[in-house]
Amino acid sequence: AGAPNPEGRGRVPNITPGGSGGGEWSAADIEYYLETGFTPEFDTVGGTMVAVQENMAELTREDRAAIAAYLKALKAVD
């Protein structure tokens, strides 16, 4: 649901459904981001998320799809 950035600047985005940090993304958008590091707007992953995304890219497509389905199933948090 978002939080202060542990790196000290800005905030971690709210990625729950309807959140302002990707909550409007489709499951396919989430899968693509986890695989490639590109958002639907063609922005790129940054900060400490780079290492997370690189590891997620090593997962099977089915595992990334399961993560995307889980994120889409979460209750929206403002």
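Where is the place of Gln53? Gln53 sits in helix H2, which covers residues 49–56.

## About the model

This is a predicted model, in which local features need pLDDT of at least 70 and side-chain atom pairs count only at pLDDT 80 or more, while totals for chains, interfaces and linings use all residues. Residues are numbered from 1 along each chain as its sequence is written, and side-chain values use heavy atoms, with hydrogens and water left out.

## Overall fold

The protein chain has three helices and two strands, and along the sequence they come in the pattern β-β-α-α-α. Here helices (H or I, at least four residues) and strands (E, at least two) are DSSP runs, numbered from the N terminus.

The C-alpha trace spans about 30 × 25 × 20 Å along its principal axes. For 78 residues, a compact globule would have a radius of gyration near 12 Å, and the protein chain agrees with its 12 Å. That radius is taken over C-alpha atoms, and the globule rule is 2.2 Å times the number of residues to the power 0.38.

## A look at Gln53

Let's return to the opening residue. Gln53 counts as buried because its relative accessibility is 6%; buried means under 20% relative accessible area, exposed over 50%, and partly exposed in between (1.4 Å probe, protein chains only). Across the protein chain, 24% of the 78 residues count as buried.

Setting aside neighbours within four places in sequence, Gln53 is in contact with Tyr33, Leu34, Glu35, Thr36, Gly37 and Val45. Contact means heavy atoms within 4.5 Å.
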